[in-house]
Amino acid sequence: MNNTKLWSVVALSTTVVGIPSVASAATTKKTSPQLPPSGDTTTGESSPTEKPGTPTIVTQVHAHQIAGRQAATLYVRSIPVLTFVGQETNPIERANTIAAKINQLVASNVDANQITASWTKEGQSIKVNGEELVKIDVSTILPDTTNNLAHDTLQATNRLRRLLGGAQPINQPTIARQEKTQPQQTGKQPQVTNQQPTVKKPQQNTNVKVKATNSGTASYYSYGDSTRTANGERFNPQDLTAAHRTLPFGTRVRVTNNWNGRSVIVRINDRGPFIRGRIIDVSLGAAKELGMISSGIASVKVEVLDN
């Protein structure tokens with residue numbers, strides 16, 4: 001074999017050896033999305049790395065228990081909107097059904113002003129463009145229920161209006177015209193009135209020294225009494241507590257709702273929020289003091305107090 005043929009063979013062998021394995025090159029490790037820590041989650045928010053054209057998923061369903069019964073809470077953009085409690089049907093399946101409808105509404109650019117609350121002789125419901133989205137009854141309630149189905153319906157409606165399009169809250173439901181005459185009340189059907197729920201008197205500011213101030217968006221959260229906070233204590237949704245990403249446990253902060261001027265002093269006992277743009281997560285009790293139950297979120301000023 002002459003030198004020319006020898007070098008041709010060597011070059012060809014090098015080329016063949018240098019080709020990477022197609023199977024190896026195509027194999028990539030798939031990472032499962034991180035789910036929220038509270039309960040089983042069946043539907044999550046879309047990842048920012050999703051391919052263009054993929055529908056945005058704004059709902060999450062968290063499975064848990066209420067008084068020993070199976071339940072599922074539907075979150076929209078990480079805000080709790082409805083809780084389904086097990087009766088004759090599976091609450092997780094019901095929550096996922098409503099979640100799918102809401103995702104479809106977002107995909108079709110729903111006008112949030114068309115989301116309304118409806119009270120009729122048959123009960124309460126949330127409607128979109130006049131069509132029923134979900135019926136509110138003893139098995140479908142507000143996560144932080146007011147124990148009044150009529151009020152639950154109104155608050156859940158206002159949360160959806162804000163979260164799906166920033167629509168202004170409504171103060172009263174749409175009542176069918178034929179029901180303007182007083183219907184006969186049966187069972188535990190709530191009385192339809194225009195009277196608004198009693199608002200708690202806001203906590204007064206104290207003359208304590210302010211060490212630092214920050215502004216941003218606050219949200220609120222509420223889990224079962226068996227849940228432990230990050231500092232190890234048992235979570236009580238009615239306590240005036242909050243979650244912050246960095247402040248030491250035990251730090252007292254004054255949170256002021258910039259939308260209505262109401263303030264509350266809370267104690268940091270948990271970590272969060274982990275949603276971009278939010279600076280503090282307050283407990284359900286603190287959210288009531290701040291008057292942010294209907295909106296779910298609020299623009300706030302957070303002042304770190306000298307303990």
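The exercises below work through one predicted model, a chain of 307 residues.

Residues are numbered from 1 along each chain as its sequence is written. In this predicted model, local features need pLDDT of at least 70, side-chain atom pairs count only at pLDDT 80 or more, totals for chains, interfaces and linings use all residues, and side-chain values use heavy atoms, with hydrogens and water left out.

**Exercise 1. Confidence**

Find the average pLDDT of the chain, and state how residues 6–39 score.

Solution. Step one: pLDDT is the predictor's confidence in each residue, from 0 to 100. The chain averages 75, and 68% of the residues score at least 70. Step two: over residues 6–39 the pLDDT is below 50, and this stretch has eight contacts in the model beyond near neighbours in sequence. A contact means heavy atoms within 4.5 Å. Step three: residues 43–51 also stay under 50, with 17 contacts beyond four places in sequence. Where pLDDT is low, the predicted coordinates should not be read in detail.

**Exercise 2. The chain as a whole**

State how many helices and strands the chain has, and what percentage of its residues is buried.

Solution. Step one: helices (H or I, at least four residues) and strands (E, at least two) are DSSP runs, numbered from the N terminus. The chain has five helices and 15 strands. Step two: buried means under 20% relative accessible area, exposed over 50%, and partly exposed in between (1.4 Å probe, protein chains only). Buried residues make up 40% of the chain. Step three: of the contacts between residues at least 6 apart in sequence, 63% join residues at least 24 apart.

**Exercise 3. Helices α3 and α4**

Compare the reach of α3 with its expected span, then do this for α4.

Solution. Step one: the expected span of a helix is 1.5 Å times one less than its number of residues. Helix α3 covers residues 91–107, which is 17 residues, and its reach of 24 Å from first to last C-alpha is close to the expected 24 Å. Step two: α4 has 15 residues and reaches 21 Å, close to the 21 Å expected. Step three: look at the two ends of α3. At its start, a side-chain oxygen of N90 comes to within 2.8 Å of the backbone nitrogen of I92. Just after α3, N109 has a positive phi of about 55°. Step four: check burial. The buried residues of α3 include I98, I102 and V106. In α4, 13 of the 15 residues are buried, so this helix is largely enclosed by the rest of the structure.

**Exercise 4. The nonpolar cores**

Solution. Step one: a nonpolar core is a set of buried Ala, Val, Leu, Ile, Met, Phe, Trp, Tyr and Cys residues joined through side-chain atoms within 4.5 Å. The largest one has 35 residues, and V76, I102 and L164 are among those with the most contacts inside it. Step two: elements that give two or more residues to this core include β3 (69–76), β6 (123–128) and α4 (149–163). The largest share, seven residues, comes from α3. Step three: leaving aside neighbours within four places in sequence, L164 is in contact with V76, I102, V106, V110, A112 and I115. Step four: a second, separate core of 22 residues includes A242, V266, L290 and V302.

**Exercise 5. Backbone in the loops**

Solution. Step one: most residues other than glycine have a negative phi, and most peptide bonds are trans. Step two: S78 lies in the loop between β3 and β4, and its phi is positive, about 70°. S78 is buried, with a relative accessible area of 18%. Step three: R77 is found in the loop between β3 and β4 and has a phi near 50°. R77 is partly exposed, at 34%. Step four: a cis peptide bond joins G272 and P273, with omega about -10°. P273 is in the loop between β13 (263–270) and β14 (278–283).

Conventions:
Polar contact = N/O pair within 3.5 Å; in protein donor to acceptor, adjacent residues only side chain to side chain.
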